[in-house]
Amino acid sequence: MSKRIITIGRQFGSNGRLIGIALAERLGINCYDKDLIKLASEHTDIPYDQLKLVDENSNIDRHYRYGHIDEILFNLQSKIIKEMASKEDCIIVGRCGNYVLRDEERCKNIYLYAPLDVRISTIMERYQLDEKGAHSLVRKMDKDRSYYFNYYTDQSWDEMNTYDLSIDTGAFTVDEIVDLLEMVYNKL
């Protein structure tokens, strides 16, 4: 029997990571996000700090010995995502999870977004930034994530037809979204 998987693509500041963790806690399963970098570092001689620098961003030209560090990380994370999906029910946040697991029958791909002003407000609070700094960071992170996703998948990051469900996180509370995603998970 295949495992049940939820992937979460998200705009920066839409609380995708927070929602993924809350859903995982409610379901009693693992949520994989930034910890995928640590797991990838255990499979290569590239230091964790180097991998962390290129995670989900547009530094495609960085080299490490015999290859692009970005491609090494993408391939390692993809391998780990597939391994996790074959072993356990889990949630994958970002890292092109919807693309990597596109052939999995019991996988639902979710995209979380929010209006720009909501995301700026979230980032201002989260990082204690002023409005201008938060706006700049939101734009940069969305650009990096979009470039990363588009580069590795030949698809568009915010193209809604690559996801099973898209949710405006500014229109619902975290608990309401977790309730909805719990229902999606239980239907798998």
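Student: Which residue forms a salt bridge with aspartate 142?
Tutor: A salt bridge here is a side-chain nitrogen of Lys or Arg within 4 Å of a carboxyl oxygen of Asp or Glu. For aspartate 142, the closest N and O atoms of the pair are 2.5 Å apart. Its partner is arginine 119.

Tutor: Some ground rules. This is a predicted model, where local features need pLDDT of at least 70, side-chain atom pairs count only at pLDDT 80 or more, and totals for chains, interfaces and linings use all residues. Residues are numbered from 1 along each chain as its sequence is written, and side-chain values use heavy atoms, with hydrogens and water left out.

Student: Is aspartate 142 buried or exposed?
Tutor: Buried means under 20% relative accessible area, exposed over 50%, partly exposed in between (1.4 Å probe, protein chains only). Arginine 119 is at 4%, so it counts as buried. Aspartate 142 is at 10%, so it too is buried.

Student: How many salt bridges are there by this rule?
Tutor: One group of residues, Arg17, Asp33 and Arg95, is linked in a network of salt bridges. The count comes to 7.

Student: Which helices hold aspartate 179 and arginine 26?
Tutor: Helices (H or I, at least four residues) and strands (E, at least two) are DSSP runs, numbered from the N terminus. The two side chains meet in a salt bridge at 2.5 Å, N to O. The pair is 153 residues apart and links distant parts of the chain. Aspartate 179 is in H8 (residues 174-187), and arginine 26 is in H1 (residues 16-27).

Student: Which glutamate meets arginine 26 in a salt bridge?
Tutor: The N to O distance is 2.9 Å. Arginine 26 lies in helix H1 and its partner in helix H8, so the pair ties together parts 156 residues apart in sequence. Arginine 26 is partly exposed at 36%. The partner, partly exposed at 24%, is glutamate 182.

Student: What arc do the buried residues of H1 cover?
Tutor: In H1, Gly16, Ile19, Gly20, Leu23, Ala24 and Leu27 are buried. An α-helix has 3.6 residues a turn, so residues three or four places apart point the same way.

Student: Which helix is among what covers the buried residues of H1?
Tutor: Contact means heavy atoms within 4.5 Å. The cover includes strands S1 (5-10), S2 (30-32), S5 (90-93) and S6 (107-113). The helix is H8.
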